[in-house]
Each structure stands twice: as structure tokens, then as C-alpha cells.
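User: I've got a model open and would like to talk through its fold and its chain contact. Can you take my questions one at a time?

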Amino acid sequence: MYLKFENNNEKLLVHMMGELDHHSAEEVRNKIDDRLNRDDMKKLIMDFSGVSFMDSSGIGVVIGRYKKLAYKNGTVCITNVNETVRRVFELSGMFKIIKLYNSNEEALENI
Amino acid sequence: MYDNMMKIEFLSKSENESFARVAVAAFASQLDPTIDEITDVKTAVSEAVTNSIIHGYGKEEGIVKIQAFIQGNELTVIVSDEGVGIDNVELAMQPLYTSRPDLERSGMGFTVMESFMDSLKVQSEKGKGTEIIMKKAFKSLS
């Protein structure tokens with residue numbers, strides 16, 4: 001999986017491209033955590049527009065970042081999820097605690 | 001009996017998760033499924049294979065087997081390993097339950113398999129291994 005980071009006014013926007021499964025999850029989590037720690041960021045936007053496949057490993061990645069940032073009084077949201085990715089997230093009830101936005105602009109304005 | 005069948009075996013390396021789901025999807029494509037149906041199968045296979053790799057074998061390396069059968073418009077996928085087996089299948093299948101909270105797993109694997117396939121059966125014996133049998137009928141043909 002390929003990740004592209006953008007720093008927007010103390011908000012870290014990560015564009016994810018490729019397939020998110022158990023194999024790629026570890027790399028994704030390490031790269032995001034590195035970037036959050038290095039720049040001491042508390043707000044994370046995960047852009048799923050380039051994610052072509054995701055299994056339940058993706059739920060673990062998002063909730064894991066949520067727990068880390070909640071500890072620092074930060075926040076996580078996700079954007080641009082397609083229908084199949086949304087179905088996986090919905091099974092977990094994750095949207096009760098993590099907000100979903102239709103665009104990165106909307107997310108940047110609201111978190 | 002069945003109309004068609006395939007069998008694959010591979011090492012329990014996480015690199016093979018994508019190989020496994022794509023191989024089953026390619027086999028199932030002869031049933032002319034919709035994109036949604038094929039994504040459901042890929043996701044369920046990914047969950048089953050990941051379980052064998054993380055929980056069945058863990059740090060050990062072993063062989064994960066997949067058999068797939070086509071009968072009419074129905075696909076049957078059997079994912080099996082000869083790993084540690086599951087102590088309490090009922091508990092393992094509960095949403096959000098994970099035996100490895102250290103790994104940042106969501107505990108949603110069996111729930112995903114159950115909701116994305118028509119049926120799911122789990123047979124496991126401690127010390128012997130686990131077999132997952134999943135079925136899905138493709139509506140596009142009927």
C-alpha cells in the first residue's frame with residue numbers, strides 16, 4: 001500500500017492507495033504513527049479514496065489510531081470510503097465513534 | 001458431486017493473503033458474478049486466510065489449504081490449516097472477540113465471513129487445526 005502525507009494546519013491528511021489487509025496493515029500503522037509522533041500531530045484524516053480492497057484489518061488500523069490520539073486529546077476521521085469498504089466498517093459499529101466525511105475539504109473544515 | 005473444483009496450498013505468510021483471495025475470485029469468475037458478489041468472496045477469503053496465518057500458525061510456519069467447488073450457481077470455499085485449533089469456537093465467533101488484543105485486531109473476522117457469505121461453518125480441534133466452510137450462491141445466473 002502506498003501512502004501520501006499532507007500537513008494541513010496541524011491536521012495530518014493521509015491518502016491511502018492500494019489494498020488494506022493484515023499484510024499491509026502493519027506498514028500503514030507504523031508509517032502513520034511515525035508521522036504523528038515526529039510532528040506531534042493530534043488530528044488525523046484518513047482518505048480511503050484509493051483503497052481498492054479492505055478486510056477487517058482496516059477496522060483495527062482506524063480504531064488503533066483513534067485510541068492513540070484520544071489519549072492525547074486528538075481525533076481521527078475518515079473520508080471517501082466506497083460502498084464495499086463502508087460495509088466492512090458498518091459491521092463493527094465504528095461510525096458511532098469515528099466520523100465519516102464525503103470529502104477531504106469537508107473533513108479539514110470540521111475537525 | 002460438483003461441476004468444477006480447484007485446490008491450492010501455500011505457506012502461511014501474510015504476503016499470500018492477496019494471492020489467496022485473488023485466486024478464489026478468479027476461479028469464481030466463471031459463475032459470472034457481479035463486482036459486489038466477487039468483493040464479498042474476496043473479503044471473506046481474506047478473513048479466513050488471515051485467521052489461519054495469525055491464529056492457526058502464529059509464529060510457526062505452516063501450510064494453508066484452500067479448496068473451492070462450483071455446483072450450479074453456488075460457490076463453496078473451504079479454508080483449512082493444521083495449526084493450534086480453536087478452544088471455544090462459539091466465543092471466537094462473537095463480534096469483537098479477539099484472542100490477540102496485542103495485535104490491534106478488531107475481532108470482526110468471523111462476523112465479516114458470516115455477513116458476506118450465505119453460510120459459514122467452523123470445525124476445529126485443539127492441536128489439530130481448523131476448517132472453515134463457506135458457501136455463496138451468485139444471483140446473477142439465476
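User: How many of the five residues of S4(A) are buried?

Analyst: Keep in mind that this is a predicted model. A residue counts as buried here if 20 or more other C-beta atoms lie within 10 Å of its own. S4(A) is largely enclosed by the rest of the structure, because the number of its five residues that pass is four.

User: What's the strand order in the sheet, and which strands sit at the edges?

Analyst: It's an open sheet of five strands with mixed pairing. The twist averages 25 degrees from one strand to the next. The order is S1-S2-S3-S4-S5 in chain A, and the edge strands, each pairing on one side only, are S1 (2–8) and S5 (99–101).

User: At about what angle does H2(A) run to S4(A)?

Analyst: H2 of chain A covers residues 57–71. This helix lies across S2 (11–20), S3 (43–54) and S4 of chain A. Its angle to S4(A) is about 150 degrees.

User: Which residues of H3(A) are buried, and how wide an arc do they cover?

Analyst: In H3 (residues 83–92) of chain A, the buried ones are A:Val85, A:Val88, A:Phe89 and A:Ser92. An α-helix has 3.6 residues a turn, so residues three or four places apart point the same way.

User: Which element gives the largest share of the side of chain B that touches chain A?

Analyst: The contact takes 19 residues from chain B and 17 residues from chain A. On the chain B side, H1 (16–28), H2 and H4 each give two or more residues. That side divides into three nonpolar, 10 polar and six charged residues. The largest share, seven residues, comes from H2(B).

User: Where is A:Glu10, and is it buried or exposed?

Analyst: A:Glu10 has a positive phi of about 70 degrees although it isn't a glycine. Most residues other than glycine have a negative phi. The spot is the loop between S1 and S2 of chain A. With 10 other C-beta atoms within 10 Å, A:Glu10 is exposed.

User: What about B:Glu104: where does it lie, and how many other C-beta atoms are within 10 Å?

Analyst: B:Glu104 is also a residue other than glycine with a positive phi, near 60 degrees. It lies in the loop between H3 (89–92) and H4 of chain B. B:Glu104 is partly exposed, and its number of other C-beta atoms within 10 Å is 19.

User: Which residues of chain A does UniProt list for "domain: STAS"?

Analyst: The annotation comes from an unreviewed UniProt entry. In the model the span is 44% helix and 33% strand, with its end C-alpha atoms 26 Å apart. The UniProt listing gives residues 1–111.

Technical notes:
Residues are numbered from 1 along each chain as its sequence is written. Chains are lettered from A and ligands numbered from 1 in the order in which they are written. This is a predicted model: local features need pLDDT of at least 70, side-chain atom pairs count only at pLDDT 80 or more; totals for chains, interfaces and linings use all residues. Two strands pair if DSSP finds at least two bridges between them. Axes are lines fitted to C-alpha atoms, for helices over the stretch in contact, and angles run from 0 to 180 degrees between N-to-C directions. Two residues are in contact if their C-beta atoms, placed from the backbone, lie within 7 Å. A residue is buried if 20 or more other C-beta atoms lie within 10 Å of its own, exposed if 12 or fewer, and partly exposed in between; C-beta atoms are placed from the backbone. Ala, Val, Leu, Ile, Met, Phe, Trp, Tyr, Cys and Pro count as nonpolar, Asp, Glu, Lys and Arg as charged, and the others, Gly among them, as polar. UniProt positions are given in the numbering used here, feature names are shortened, and annotations may be inferred rather than shown by experiment.
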